[in-house]
Amino acid sequence: MPHSRRILTCAVAAAAAAAGAVLPTGGAATAAPRTATSDFNGDGYADLAVGVPDGTVGGEAEAGYVNVVWGGPKGVGAHGSIRVTQATPEVPGTPEAGDRFGASVVLTDLNGDGTAELLAGAPGEDVTDRGTDAGTVIVVGGSKSGPGPGATVLTGPSPSAAYGKSVAAADLTGGGNKTIVVGGTGKVVARVIVGEDSMVTTVVAAPMGGRAPALATGDFDSDGVVDLAVAYWTAGAPSTQSHVRLWKWDADRSEMANFWNTDNAGVTALAAGDFDGDGNDDLALGECREIADENIDDPCGPEKLAKGGGVHVHYGSPASGSFGTRAQTLNQDTAGVPGVAEDGDRFGAALAVADVDRDGRDDLIAGAPGEAIGSEAGAGAAWLLRGGARGLLDAQGAASSVAWNQDTPGVPGVAEARDAFGAAVSAGDHNADGVPDVTVGSPGENASLGAAWLLPKGSARGAAAFSPRTLDLPYPSAAQKYGKPLSSR
């Protein structure tokens with residue numbers, strides 16, 4: 001596609017008119033009294049964005065699309081959805097094979113008008129004058145009548161930069177505008193808006209082994225301004241590196257400043273939440289494992305708890321204290337966590353945060369897409385790990401949790417090999433009843449057509465599944481891998 005020169009000079013002075021997409025006849029219901037930051041159509045219900053980067057669009061394999069699934073009185077999956085692609089009017093670009101539009105997705109209200117915008121990464125996008133697979137991130141405005149106008153947030157500067165492998169958004173400057181953070185191959189950059197000015201600053205540039213850097217946002221130093229967490233790792237040439245780093249906005253230098261690190265920790269997912277209810281944000285490291293011996297003691301906690309994938313949590317402290325000095329680690333061999341830790345489970349490969357039980361302490365949802373269910377290898381599972389007075393573990397080192405898979409009573413379907421249930425997880429109050437719901441993706445379901453499961457109030461009771469078939473989306477014979485990634489809040 002031609003390189004777009006449209007720059008977001010505010011947090012998207014977002015989108016006004018609809019871009020011509022057709023709404024399904026079973027569209028979302030009448031307005032609800034609560035608001036949600038992922039409410040794309042402005043009806044008061046939290047919506048869900050499902051990235052389908054493997055999706056075929058207009059005959060172009062892996063052109064990719066995003067499915068925005070409407071929330072409503074019955075949650076997501078029962079009120080219709082829309083399909084957003086680069087063929088959607090006013091969305092920049094053209095669907096091309098290998099673009100992988102939707103490889104990363106975020107639904108969030110960028111400009112505070114009560115209606116969410118959609119951020120979508122296309123790391124395979126070819127950009128004129130910048131090369132093959134330079135990548136791009138696009139923002140699409142929401143509205144009551146469907147997708148509004150879109151704009152290009154950022155494009156990669158060179159071939160194989162693959163901008164859009166990951167994306168996040170938060171008010172990192174404390175000025176009221178949201179910074180958009182973009183991860184690519186070997187680099188994380190941020191488009192920062194300060195007053196009337198918009199600038200791009202490099203957060204970190206380092207080998208990342210071709211993986212998408214993991215991103216999360218939270219106030220980790222307890223100063224009242226949101227910070228950025230970045231995790232990345234590579235093994236072998238040019239050297240083995242593995243880091244989790246925290247960054248904050250330095251107004252004097254107009255750049256992101258690194259203020260905390262833990263090295264030698266290979267991490268697949270990050271999530272921020274207040275798991276002990278002390279008012280300070282904590283950081284969960286998912287599928288944390290020690291990558292190499294760099295004379296750093298247990299960067300992911302006790303080595304035995306990394307088997308099958310471990311979740312390692314660094315806890316926040318009051319402003320006078322130091323972040324991360326207290327930590328907890330758990331895996332499937334931890335008391336109170338259903339299951340048994342086995343190599344290849346990938347426990348914690350996907351993470352999401354919500355206070356599901358409404359006790360004032362955040363809970364952690366963790367997916368393990370490699371979990372075997374009976375003899376079905378890679379069927380996958382997900383856990384709700386409850387927060388408590390000491391965090392995710394009590395004084396005896398035990399967790400309080402519940403696990404789900406497709407053989408759990410009340411959960412539709414049957415656990416089958418390579419379903420990868422738990423490859424993505426999210427949480428949002430999709431029926432506006434005041435209690436967050438959990439959504440779990442299973443991109444390997446039905447020969448990799450893919451599907452997602454709604455667990456109302458974080459329970460198997462009333463659980464429902466939805467997929468391209470049930471949502472009347474086009475699905476050719478090629479694998480679509482619907483269900484990863486997911487975004488709602």
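Reader: How many of the 5 residues of strand S17 are buried?
Author: This is a predicted model, where local features need pLDDT of at least 70, side-chain atom pairs count only at pLDDT 80 or more, and totals for chains, interfaces and linings use all residues. Residues are numbered from 1 along each chain as its sequence is written, and side-chain values use heavy atoms, with hydrogens and water left out. Strand S17 spans residues 269-273 and is mostly covered. Strands are DSSP runs (E, at least two residues), numbered from the N terminus, and buried means under 20% relative accessible area (1.4 Å probe, protein chains only), and the number of buried residues in S17 is 4.

Reader: Which residue in S18 is the bridge partner of Ala 272?
Author: Two strands pair if DSSP finds at least two bridges between them. S17 and strand S18 (residues 282-290) pair over 5 bridges, in the antiparallel sense. In S18, the partner of Ala 272 is Leu 283.

Reader: Which residue of S11 is the bridge partner of Lys 187?
Author: Strand S10 covers residues 187-194. S10 and S11 run antiparallel and are joined by 8 bridges. The partner of Lys 187 in S11 is Ala 205.

Reader: Why does the pair of Phe 220 and Phe 323 count as edge-to-face?
Author: A search of the whole structure finds 4 aromatic pairs. Rings of Phe, Tyr and Trp (its six-membered ring) pair if their centres lie within 6.5 Å; planes under 30 degrees apart count as stacked, over 60 as edge-to-face and the rest as tilted. The centres of Phe 220 and Phe 323 are 5.5 Å apart, and the pair is edge-to-face because the planes stand at 65°.

Reader: How many residues apart in sequence are the parts that this pair of Phe 220 and Phe 323 ties together?
Author: Phe 220 lies in the loop between strand S12 (214-218) and strand S13 (227-234). Phe 323 lies in the loop between strand S19 (310-315) and strand S20 (326-330). So the pair ties together parts whose separation in sequence is 103 residues.

Reader: Is Phe 220 buried or exposed?
Author: Its relative accessibility is 1%. Phe 220 therefore counts as buried.

Notes:
Buried < 20%, exposed > 50% of the residue type's maximum accessible area, 1.4 Å probe, protein only.
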